[in-house]
Amino acid sequence: MSHPLSGAEDLPSWQLRLLERIQNSSYEHYRTLFHGYPQYSTAASGPSIQLENWRTNLRALEAERGEIELHAHGLDIPQRMIDYATDTGARGARWGDTPETALLPMSPPGASTTRLHLLDQIADDVWRLEHSALVRAEYLHRVHTGGLADNEPGERQLHDNMAALWRHAAGTAALIDLDPGEAHQLWGRGRDSWQQLAELTAASYTDGELQQRFAEMSWKGVEAEASRAFDNLATSTSTDLGPPTPWEFADRAEQALAAASFADEQGPRPGHGIGTAVEATGTGLGGAWEIDPDLQPHPPDRGPGPGLDQGVW
């Protein structure tokens, strides 16, 4: 019987480092659970504050690992590899503590640690752009169908956040002189893969889950952090191998959700069918998202009309 990590050596190094992050996050949860239990002290500000802090830390670590695992699933990294990383960390072993992980090539020969770090940042930016585009499209659809309330300020901020993430990804790609093979691995997702990602994420979210995701992705701190990181690069977004524009991410997300809604032989599930909703409300993407996010910080003003506000992008 083959080892769960069999074939992992063929993964791009940045995907291997995702598995490393999963295992190490799982290990931190193990360490906190078994070795971080607080000692009761009467000096604490309340009888349960230490216990509540411990619980909060455990929940935060679980959430962190869950987000990394979702990214790995979105890349179609085999489930057995994700499970191995999670389970091994939960048994108290960090990545590299076992012979199987210690022998894996975590970086190409001669690669600089700085370049690897920046490559990981691009991968993270692209994932956030893909996920944000899907959440945005599904959110607007459910606003149209009455499942969720319209949130114009949030929609505008999500637009700005995606523009800032794109600038950082494009600037980093220019800085490290990304090669065509790396570019394809990072954002060469095909139609089927987009549909699978839509079904894994936004299409499967309950209204409550979608509301939380939308709120997280439309947090102004996302724009501030990405813009600061871009400024620190001291580079430009000019590159022949930059990521798809936010407009293109949004377009692919809407197409993926439309395909996902009709993939079931029983027809679209209640409250779904993003393609029809977008067409009906006039919020398609044609000409509404600026290709260069540096040129226009906000989407055009919305026009009057029922249903979804017009001209979001």
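Helices in this text are DSSP runs of H or I with at least four residues, numbered from the N terminus. The model to which the exercises refer is a predicted one.

**Exercise 1. The enclosed cavity**

Determine how many cavities of 30 Å³ or more the whole structure holds, and state which helix gives the most to the lining of the largest cavity.

Solution. 
Step 1. The search of the whole structure returns one cavity of 30 Å³ or more.
Step 2. The volume of the largest cavity is about 50 Å³.
Step 3. Its lining consists of Trp14, His71, Leu75, Ala123, Val126, Trp127, Glu130, Leu186 and Arg189.
Step 4. Divided by class, the lining residues of this cavity are six nonpolar, one polar and two charged.
Step 5. Helix H5, spanning residues 113-144, gives the most to this lining, with four residues.

**Exercise 2. The largest pocket**

Describe the largest pocket by its space, by the residues closest to its centre and by the classes of its lining.

Solution. 
Step 1. The space in the largest pocket amounts to about 600 Å³.
Step 2. The pocket is lined by 26 residues, of which Glu67, Asp124, Trp127, Arg128 and Leu165 are the closest to its centre.
Step 3. Two or more lining residues come from each of H1, H2, H5, helix H6 (152-176), H9 and helix H10 (220-233).
Step 4. H5 gives the most, with seven residues.
Step 5. The lining comprises 11 nonpolar, six polar and nine charged residues.

**Exercise 3. The setting of Glu67**

In which helix is Glu67 found, and is Glu67 buried, partly exposed or exposed?

Solution. 
Step 1. Glu67 belongs to helix H2, residues 49-74.
Step 2. The relative accessible area of Glu67 is 34%. Buried requires under 20% and exposed over 50%, so a value in between is classed as partly exposed. Glu67 is therefore partly exposed, at 34%.
Step 3. Ile22 is 45 residues away from Glu67 along the chain, and their C-alpha atoms are separated by 9.2 Å.

**Exercise 4. Two aromatic pairs**

Classify the geometry of the pair Tyr30 and Phe34 and that of the pair Tyr139 and Phe214.

Solution. 
Step 1. The structure as a whole contains five aromatic pairs.
Step 2. For Tyr30 and Phe34 the centres are 5.2 Å apart and the planes make an angle of 45°, a tilted arrangement. Both residues lie in helix H1 (residues 13-35), four residues apart, or about one turn of the helix. Phe34 has a relative accessible area of 55% and is therefore exposed.
Step 3. For Tyr139 and Phe214 the centre-to-centre distance is 3.8 Å and the angle between the planes is 10°, a stacked arrangement. Tyr139 lies in helix H5 and Phe214 in helix H9 (residues 207-217), so this pair ties together parts that are 75 residues apart in sequence.
Step 4. Tyr139 is buried at a relative accessible area of 1%, and Phe214 is buried at 1% as well.
Step 5. Tyr30 and Phe34 also take part, with Tyr27, in one aromatic cluster.

**Exercise 5. The buried residues of H8**

Identify which residues of helix H8 (residues 191-200) are buried, and explain how they are placed about the axis of H8.

Solution. 
Step 1. Trp194, Gln195, Leu197 and Ala198 are buried in H8.
Step 2. Viewed down the axis of H8, these buried residues fall within an arc of 160°, so they line one face of the helix.
Step 3. Their cover includes H2, H5 and helix H11 (246-261).

**Exercise 6. Thr88 and its contacts**

Which residues is Thr88 in contact with, leaving aside its neighbours within four places in sequence?

Solution. 
Step 1. Thr88 is found in helix H3, residues 79-90.
Step 2. Its relative accessibility is 4%, so Thr88 counts as buried.
Step 3. With those neighbours left aside, Thr88 is in contact with Gln23, Ala93 and Thr98.

How values were computed:
Residues numbered from 1 in each chain as written. Predicted model: local features only at pLDDT ≥ 70, side-chain atom pairs only at ≥ 80, totals over all residues. Heavy atoms only, no water. 1 Å grid on protein atoms, 1.4 Å probe; cavity = no way out; pocket = protein on both sides within 12 Å on 5 of 7 lines; lining within 4 Å. Points joined across faces, edges and corners; volume = space filled by probe spheres on them. Nonpolar A, V, L, I, M, F, W, Y, C, P; charged D, E, K, R; others polar. Phe/Tyr/Trp six-rings, centres within 6.5 Å; stacked < 30°, edge-to-face > 60°. Buried < 20%, exposed > 50% of the residue type's maximum accessible area, 1.4 Å probe, protein only. Arc of directions from axis to C-beta. Contact = heavy atoms within 4.5 Å.
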